Amino acid sequence: MSGSLESFMQVVADAAERIRKWVKEGAYIHIFTHNDADALSSCGIIAGALRREDAAFKARSLPRIEEFFQLLDEGYVESEYILFTDMGSGYLPELKRRVGDREVVILDHHAPAEEALPYGWSHVNPHQHGFDGATEISASGVAYFVAKAMNEENISYSPIAIVGALGDLQDKDSKRSLRGLNSLIVDDAVKNGLLATYDDLILYGRNFRPVHLALASTTSPYIPGLSGQESACYNFLTSLGIPVKNGEQWRVLSDLTSEEKEKLFNGLIEYLVARNLPSSIANELVGTVYELVREDPWTYLRDGREFATLLNACGKTDNAWLGIAVAMGARGEVLEETQRVLENYRAQLARSIEYVTKPGVIEQMDNIVVLKGGEVINERQVSSVASILSSSGMLPRDKPLIAIADAGVAVKISARASRELVERGLDLGAILSKLAGEYGGRGGGHNVAAGADIPAERILRFLSDLDRIVGEALSAAG
Ligand code: C5P
């Protein structure tokens, strides 16, 4: 492992102690989180841990930290005890200035702004202990370690921490497996009979969708011509001689024999090569499956990646509370409602992806590729569209993708870099943090995935500066 587990666990213990002290004092704790799967998972874990202690709390998901400051200005942050999950580390100086007189716990994995902490604050961030917050642990993992330090029974949340890490695409080790501190969480979950891991094809709806629909529903990676195309997938499978039905019954992925799975995999490679798409896309379709064995096999909760998509759908459609409730453990009607939210979200995403293929939507600049989502792509969903597209092989891998969508007076930016660019030293999070600040906006994130909000009237100048800076960074790296 790359970092110091001992120093990380020390701050974890300090944060757990502070939260326990709050609970003892009868504090009313206000949790703020971001709106993606990792955010809702991390919030669900901490909220679940607080509920176990009978603590009083409320939780709120925000698309950006700006909205926290707005709530603060409007007097809506009444609690003296504030807990951030999946946000906060990048904005320490401003947080200190604005809420330095309150008690604060930050559980995050974004690159932190180096700052001394005010009295009464705890900050748990893997980067400060030599761990990579982009690939070794996510906010959910941080929340999990703190929850477990509060009460061993919170090991029950280990699968949710894995869901958060998968939602943040941290499965970057060989065979799409999790590594670093995440692998300690996987061990906890497996040892406690909550999780099974095995190698297989990674298709969406593996346990309950007819296999052609599972292939059509798979968007990570995105396979041009098959993702979102049900009849094309049906024809593709039958052309390979893989029966889609057994009598009257549709076959699901788990019904396929190993020979049929191999045939499917080889067929996909041939499909990609024939279309001049990188065959490496197919490699993303095999790897480690994370199965939440206590969940019903007929739900999206059984597979870690599908669970993460469900949470993303909630967070990106103003239904974050549903996702937080499911991450905490709610099922029944709440789960049914999230499944409806998911279907709508997937339909919206499919429309956005279709829009992207229209002429003029994608513009090649010298060093970046710009996806102009305008008002068509919802600003909350532009990040999902960016992630899907960057896994599609349709875009050049030697330029980062900068996806933009209108968000009123601001423009929302979601940036993604390929593994090759990151290996060459490109750090989109650092670039966007600095440049967005210079343009009166806010930005940050990781080397592979970063984001920013920029005043709308300055976007063209911003993009041309970004294009130049990315070019300089890449030529300096050689
Ligand atoms: O929104 P999106 O998923 O594209 O963001 C990618 C990463 O950048 C996330 O980790 C997010 O928290 C971070 N980000 C940020 N500041 C912003 C926008 C995004 O730190 N203004």
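**A walk from the core to the ligand**

Start at Leu 107. Setting aside residues up to four places away in sequence, Leu 107 touches Ala 15, Ile 46, Leu 83, Phe 84, Thr 85, Asp 86, Val 124, Ala 139, Val 142, Ala 143 and Val 146. Contact here means heavy atoms within 4.5 Å. The model is predicted: local features need pLDDT of at least 70, side-chain atom pairs count only at pLDDT 80 or more, and totals for chains, interfaces and linings use all residues. Residues are numbered from 1 along each chain as its sequence is written, and side-chain values use heavy atoms, with hydrogens and water left out.

Leu 107 belongs to the largest nonpolar core, which has 87 residues. Within that core, Leu 107 and Val 146 touch the most other members. A nonpolar core is a set of buried Ala, Val, Leu, Ile, Met, Phe, Trp, Tyr and Cys residues joined through side-chain atoms within 4.5 Å. Buried means under 20% relative accessible area, exposed means over 50%, and partly exposed is in between (1.4 Å probe, protein chains only). Another core, of 26 residues, lies apart from the largest one. Its members include Ala 417, Leu 421, Leu 435 and Ala 450.

Now look at His 109. This residue sits in the loop between strand E4 (103-107) and strand E5 (121-124). Helices (H or I, at least four residues) and strands (E, at least two) are DSSP runs, numbered from the N terminus. His 109 counts as buried because its relative accessible area is 1%. Its side chain has a polar atom 2.6 Å from the backbone oxygen of Gly 133. It also makes a polar contact with the side chain of Asp 168, at 3.2 Å. A polar contact is a pair of N or O atoms within 3.5 Å; within protein, one must be able to donate a hydrogen and the other to accept it, and residues adjacent in sequence count only if both atoms are side-chain atoms. Beyond four places in sequence, the contacts of His 109 include Asp 38, Asp 86, Asn 125, Pro 126 and His 446.

Next comes the ligand. Which residues are closest to the ligand? They are Tyr 91, His 110, Lys 412, Ser 414 and Arg 416, out of 16 that surround it. Strands E13 (410-416), E14 (442-445) and E15 (449-455) each supply at least two shell residues. E15 gives the largest share, five residues.

Lys 412 has a side-chain N or O atom 2.8 Å from a ligand oxygen. For Ser 383, the corresponding distance to an oxygen atom of the ligand is 3.5 Å. Asp 453 places a polar side-chain atom 3.2 Å from a ligand nitrogen. On its own, the ligand has 450 Å² of accessible area, and the protein covers 87% of that. Accessible areas come from the Shrake-Rupley method with a 1.4 Å probe; for residues, only the protein chains shown count as cover.

Helix H13 (residues 320-328) is another enclosed element. Eight of its nine residues are buried, so the helix is largely enclosed by the rest of the structure. Among the buried ones are Leu 322, Ile 324, Val 326 and Met 328. The cover includes helix H2 (37-52), strand E2 (56-61), H6, helix H12 (304-315) and helix H14 (333-356). Just after H13, Gly 329 takes a positive phi of about 130 degrees.

Finally, the backbone. Most residues other than glycine have a negative phi, and most peptide bonds are trans. Leu 169 has a positive phi of about 55 degrees. It is found in the loop between helix H6 (158-167) and helix H7 (181-191), and is partly exposed at 34% relative accessible area. Asn 276 has a positive phi of about 60 degrees. Its loop joins helix H10 (258-274) and helix H11 (280-283), and at 74% relative accessibility Asn 276 is exposed. The peptide bond from Ser 220 to Pro 221 is cis, with omega near 10 degrees. Pro 221 lies in the loop between helix H8 (211-217) and helix H9 (230-239).

Notes
A residue is near a molecule or strand if one of its heavy atoms lies within 4 Å of it.
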